[in-house]
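User: Please take me through the structure shown here, one question at a time. I have not seen it before.

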Amino acid sequence: MVSLWKIFLIFAKIGAFTIGGGIPMIAAIKSELVERKWLKDEDFLDIITLAQTAPGLFAVNISILTGHKLRGTKGSVVATVASCLPPFLIILLVAMFFTSFKDNEYVIRAFKGIRPVVVALIGVPMIDMIKATKMRWWSWVIVISSMVLVCFLKFSPIYIIVCVIVCSLTISYLKH
């Protein structure tokens, strides 16, 4: 059984070094927990799926579900506090001092340099999830169609989700 202290340390590290919120946390959580054999790949994918569907902040949902999987309710509380505490303190410090250096050329360049890293931190877990799900051709049609509809035609993701649910239920009903 994983100790609460270890859960705290791992999630504090993840919270401190993942820039951009919940999606970049996916790669860090996978490398920390799956590679340590604290979670199985299947459990990790289930947690990500549930965290995305639950209301609220994705990063908090991941922490709650992962902590619960590791140590129940106490694990949820510890993982959530640990993942939220470092970013809270960092933002607090930035807010206290940002006005004095927000126009500094080095700070502006640093923030511009962080942007591609955030994109990579978002992209890598998505590619890993695609590999893990072993999608079929029709899944790719749904993914690409959804991306085109949202990115280029400005469709609401809600309509796409509802449409896919209705289509899935209809196909399932017709098969059985």
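User: Where is the place of lysine 154?

Analyst: Helices (H or I, at least four residues) and strands (E, at least two) are DSSP runs, numbered from the N terminus. In that numbering, lysine 154 sits in the loop between α6 and α7.

User: What kind of model is this?

Analyst: Residues are numbered from 1 along each chain as its sequence is written, and side-chain values use heavy atoms, with hydrogens and water left out. Local features need pLDDT of at least 70, side-chain atom pairs count only at pLDDT 80 or more, and totals for chains, interfaces and linings use all residues, since this is a predicted model.

User: Is lysine 154 buried or exposed, and what is its relative accessible area?

Analyst: Buried means under 20% relative accessible area, exposed over 50%, and partly exposed in between (1.4 Å probe, protein chains only). Lysine 154 is exposed, because its relative accessible area is 66%.

User: What is the phi of lysine 37?

Analyst: Most residues other than glycine have a negative phi. Lysine 37 is found in the loop between α2 and α3 and is exposed, with a relative accessible area of 72%. Although it is not a glycine, its phi is positive, at about 70°.

User: How many helices and strands does the protein chain have?

Analyst: Along the sequence, the pattern is α-α-α-α-α-α-α. The secondary structure therefore comes to 7 helices and 0 strands.

User: How far apart are the end C-alpha atoms of helix α3?

Analyst: The expected span of a helix is 1.5 Å times one less than its number of residues. Helix α3 (residues 41-53) has 13 residues, so it should span 18 Å. The model agrees, with the end C-alpha atoms apart by 19 Å.

User: Within what arc do the buried residues of α3 fall?

Analyst: These buried residues are Phe44, Leu45, Ile47, Ile48 and Ala51. The arc is that of the directions from the helix axis to the C-beta atoms. Seen down the axis of α3, the buried residues line one face of the helix, because they fall within an arc of 160°.

User: Which exposed residues does the face of α3 turned away from its buried side carry?

Analyst: The buried residues of α3 are covered by elements including α2 (22-34), α4 (58-101) and α5 (105-133). The face turned away from that buried side carries the exposed residues Glu42 and Thr53.

User: With which residues is glycine 75 in contact, leaving aside its neighbours within four places in sequence?

Analyst: Glycine 75 is found in helix α4 and is buried, with a relative accessible area of 0%. Contact means heavy atoms within 4.5 Å. Leaving those neighbours aside, glycine 75 touches Leu4, Ile7, Gly67 and His68.

User: What is the volume of the largest pocket?

Analyst: On a 1 Å grid over the protein atoms alone, a pocket is an open set of points where a 1.4 Å probe fits, with protein on both sides within 12 Å along at least five of seven lines; lining residues have an atom within 4 Å of a point. Grid points are joined across faces, edges and corners, and a volume is the space filled by probe spheres set on the points. For the largest pocket, the volume is about 1200 Å³.

User: Which element gives the largest share of the lining of the largest pocket?

Analyst: Of the 22 lining residues, the closest to the centre are Gln52, Met135, Ile142, Val143 and Ser146. The elements that give two or more residues are α3, α5, α6 (137-151) and α7 (157-175). The largest share, 9 residues, comes from α6.
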